[in-house]
Amino acid sequence: MKNYIKQISIAFLIIVTASFFAFNNFELKEEKAIHQEAILDNKEDKFFVSVEYYPEEITKKVNHKLDSLLKRINKRHDFHGAVLVAKNNKIVYKNQVGYTDFRKKKYLKEDAVFQLASVSKQFTAAAIMLLKEQNKLKLSDTVNTFFPNFPYKNITIKNLLNHTSGLPKYFWVAEHEWTQNRPPTNTELMQLLPSSKAQRFFKPGRNFDYSNTGYFVLASIVEKVSGISFNNFLEKNIFDPLEMNNTYVYRFKNDVVRENQLIGYRLYKGWRHLKIGNTVNDAIVGDKNVYSTPEDLFKWTYGLNSGQLLSKESLSLMYSKGETIYGRKIPYGFGFRMDRSNENNIYHYGKWNGFSTALTNYLEDNLVVIVLEHTSYNAMKSLNEKIKKIVSQNLEV
């Protein structure tokens, strides 16, 4: 009997011990799985954007001519900026000319970061399309869906994207109705609009009227829907995945000035360069205030056109003409303009506080021309045409 009880006790002990180790092993596996899941959740997905250059023997002639063009416009037309040209997703030419700082006579380097001005709008449009693809909003949603107190009714996200909203100019609101001694943020200006005296220009959809206000409202919707700042949304969903390491959103008096971030200038009396100060409008984002470099914009264009960032359907909408409620076509998609004579020339120019910018995408030629400048240069269209002509006549690929 004693031996029987002893055998039962030993068996019970073995079962308890085995259960203990099994339970602990299960807990460890479960903890490990949770940890691995957390790592996956925090992992940043990178897209494949290869920065490749054509061999020097192929680009020698075109580079020589583009170098000569840059030197000439720097001397004759006070151009201080950078140019990048890419063909078939490879860089043909990248260079800069002029000064970063005129008092210290510091030359521009390739890591100089430019304010993109209205070229920023394409990032705002892409952010909206990303949220659409995540089923977090629809193009037919009105602003009041997200901001019930928004005073201008029946304006859809699509109206905002292709400038058919009829919204008043937020510059006027900030300059005349904002009373604090610092510039308002998007959130603060959205809160001010319900009490504003500014009247809209027309009912939604009736006309095309280029509107910075529309894109400031779009960025505000991105923040409201995502629950994070506009900069953080772009950083997480566009800048980091495309490895655009020198691109960010900057809000005057709200964000720290970064290393290599340029200041805009204007020419005074034909010889002296004066810094252009910031204004009460310079903490508003969505319509402007993305800062970047030519190489980062190349990565952006490559990533966008390759279909890695957005679906083909979304990209097609961004690159297609809008229209009014009367069916009249307008030469603007979502964040991009369309050349009136050739719809396959997709582009946007920008001009703000001394910065002049241009990103032109010649889809038929698979050619991209990026020009960034910071001394109020005034002939971007002409310069783009000259660059395209030089590349077309001197590059055989």
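Two strands count as paired here if DSSP finds at least two bridges between them. Keep that in mind for the sheets. What you have on screen is a predicted model.

Strand β13, residues 345-352, and strand β14, residues 355-362, are joined by eight bridges. The two run antiparallel. Take one bridge as an example. H348 has L359 in β14 as its partner.

Which helix packs on this sheet and touches β1, β13, β14 and β15? That is α12, residues 380-394. Its direction makes about 140° with that of β15.

Six strands form an open sheet, in the order β2-β1-β15-β14-β13-β12. The pairing is antiparallel. The edges are β2, residues 90-97, and β12, residues 337-338. Each has a single partner strand, so one side of each has no neighbour in the sheet.

A further helix lies across this sheet. Helix α10, residues 294-305, lies across β1, β2, β14 and β15. Here β1 is 81-87 and β15 is 367-373. The helix runs at about 145° to β15.

The partner is α2, residues 56-77. The axes of α2 and α12 come within 9 Å. They cross at roughly 160°. Angles over 145 degrees count as roughly antiparallel, and α2 and α12 are therefore roughly antiparallel to each other. Their crossing is right-handed. Who makes the contact? From α2, the residues are K61, V62, K65, L66, L69 and I73. From α12, they are L383, K386, I387, I390, V391 and N394.

Next, the three-stranded sheet. This one is open too, with the order β5-β9-β6 and antiparallel pairing. β5, at 114-115, and β6, at 248-249, stand at the edges. Each has one partner strand, so one side of each is left without a neighbour in the sheet. β5 pairs with β9, residues 290-292, over two bridges. F114 sits opposite S292 in β9.

D282 is in the loop between β8, residues 272-275, and β9. Is D282 buried or exposed? Its relative accessible area is 2%. Buried means under 20%, so D282 is buried.

What does the D282 side chain reach? Another is the side chain of N353, a polar contact at 3.1 Å. Leaving aside neighbours within four places in sequence, D282 is in contact with Y250, R251, F252, K288, N289, W352 and N353. There is also P183, 99 residues away along the chain. The C-alpha atoms of D282 and P183 are separated by 6.7 Å.

N159 lies in helix α5, residues 157-161. Its relative accessibility is 12%, which counts as buried. Beyond four places in sequence, N159 touches N154, T164, S165, P204 and G205.

Last, the overall numbers. The protein chain has twelve helices and 15 strands. Of its 397 residues, 49% are buried. Residues 24 or more positions apart account for 68% of them.

Key
Residues numbered from 1 in each chain as written. Predicted model: local features only at pLDDT ≥ 70, side-chain atom pairs only at ≥ 80, totals over all residues. Heavy atoms only, no water. Helix = DSSP H or I, 4+ residues; strand = E, 2+ residues; numbered from the N terminus. Buried < 20%, exposed > 50% of the residue type's maximum accessible area, 1.4 Å probe, protein only. Contact = heavy atoms within 4.5 Å. Polar contact = N/O pair within 3.5 Å; in protein donor to acceptor, adjacent residues only side chain to side chain. Axes fitted to C-alpha atoms, helices over the stretch in contact; angles between N-to-C directions. Parallel < 35°, antiparallel > 145°, perpendicular 65-115°, else oblique. Left-handed = near helix turned anticlockwise from the far one by under 90°.
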